[in-house]
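This briefing is meant for someone meeting the structure for the first time.

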Amino acid sequence: MATLDVVDVTLVADLSGALFWEDERLLVVSDLHLEKGSSFATRGVLLPPYDTVATLSRLAAVIARHDPRTVIALGDSFHDRTAHDRLSAPDRDAIAAIQVRRDWIWISGNHDPALPSDLGGVVASEVAIGGIAFRHEPTGAAGEIAGHLHPKARVSTRGRSMERRCFACDGERAVMPAFGAYTGGLSIRDAAFAKIFKTPGFVAHVLGDAKLHMIAATRCY
């Protein structure tokens with residue numbers, strides 16, 4: 001089982017891109033970007049309209065695997081300010097089903113700053129639990145778990161290039177990969193990460209097919 005540390009807390013890094021804090025029975029996911037497909041469709045960019053179904057299905061599987069007491073959705077759960085209005089009735093039912101018997105916290109993000117109150121759970125700008133601050137946009141503070149940047153790593157292996165989503169972590173703070181089906185990514189060598197991790201000594205926990213791979217950021221390109 002792959003783990004990563006943020007200050008004195010050890011978290012399970014799930015291959016889906018979620019984090020699980022066993023002592024707190026807390027599951028964290030970031031950047032679901034639900035209804036991204038329908039958002040693009042309103043602008044004439046036609047994508048298969050299945051991203052919300054796929055994302056919620058993956059989320060339900062992770063929740064079944066870890067059975068958390070609390071779930072934190074770490075911002076940009078919806079792709080735009082009106083995305084929740086475009087949810088189908090079955091998708092609303094799916095959200096309600098995975099909230100049963102657990103606490104649910106929606107962190108507001110830059111894509112969804114005004115989250116609705118009719119989807120269950122509570123809405124917050126950030127949450128602090130046991131010395132860890134959960135927020136959408138990373139500030140670089142110690143003890144922080146954030147999202148927003150959609151980290152990905154490109155590495156060379158066996159003579160070919162591979163690009164995958166990853167957790168970025170230096171033991172003091174972590175940036176989570178995007179969980180949504182249609183989400184892109186930003187290279188961890190981008191200057192945005194240099195502002196958060198003051199030295200290049202942080203690690204990419206790369207989501208492989210069967211396990212996570214720990215790769216120094218300096219080895220990525």
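Leaving aside neighbours within four places in sequence, which residues is I72 in contact with? In this predicted model, I72 is in contact with L26, L27, V28, V29, I105, I107, I129 and F134 once those neighbours are set aside. The points below begin with the core to which I72 belongs.

**Nonpolar cores**

- The largest nonpolar core has 24 residues, and those that touch the most other members are L4, L19, I72, F134 and I145.
- At least two residues of this core come from each of the strands β1 (3–6), β2 (9–13), β3 (19–21), β4 (26–29), β6 (103–107), β8 (126–129), β9 (132–135) and β12, and the strand that gives the most is β2, with three residues.
- Another core, of 23 residues, lies apart from this one and includes V71, I95, I98 and L115.
- As a general background, nonpolar side chains in soluble globular proteins tend to be buried together.

**V127 in its strand**

- V127 is found in strand β8, and because its relative accessible area is 15%, which is under the 20% cut-off, V127 counts as buried.
- Not counting residues up to four places away in sequence, V127 touches I105, I107, I132, A133 and F134.
- V127 and I105 are 22 residues apart in sequence, while their C-alpha atoms are 8.7 Å apart in space.

**Aromatic rings**

- The structure holds three aromatic pairs, and in one of them the ring centres of F78 and W106 are 5.6 Å apart with planes at 40°, so that this pair is tilted.
- Because F78 lies in the loop between β5 (70–73) and α3 (89–99) whereas W106 is in strand β6, the pair ties together parts that are 28 residues apart in sequence.
- Both F78 and W106 are buried, and together with W104 they form one aromatic cluster.
- The rings of F197 and F202 have their centres 4.3 Å apart and their planes at 15°, so this pair is stacked.
- F197 is buried at a relative accessible area of 2%, and F202 also counts as buried, at 5%.

**The largest pocket**

- The largest pocket has a volume of about 310 Å³, and of the 14 residues that line it, V155, T157, R160, M162 and H213 are the closest to its centre.
- The elements that give two or more residues to this lining are β11 (151–157), β12 (160–169) and β16 (212–216).
- By class, the lining is made up of five nonpolar, four polar and five charged residues.

Methods:
Residues numbered from 1 in each chain as written. Predicted model: local features only at pLDDT ≥ 70, side-chain atom pairs only at ≥ 80, totals over all residues. Heavy atoms only, no water. 1 Å grid on protein atoms, 1.4 Å probe; cavity = no way out; pocket = protein on both sides within 12 Å on 5 of 7 lines; lining within 4 Å. Points joined across faces, edges and corners; volume = space filled by probe spheres on them. Helix = DSSP H or I, 4+ residues; strand = E, 2+ residues; numbered from the N terminus. Nonpolar A, V, L, I, M, F, W, Y, C, P; charged D, E, K, R; others polar. Core = buried A, V, L, I, M, F, W, Y, C linked by side-chain atoms within 4.5 Å. Buried < 20%, exposed > 50% of the residue type's maximum accessible area, 1.4 Å probe, protein only. Contact = heavy atoms within 4.5 Å. Phe/Tyr/Trp six-rings, centres within 6.5 Å; stacked < 30°, edge-to-face > 60°.
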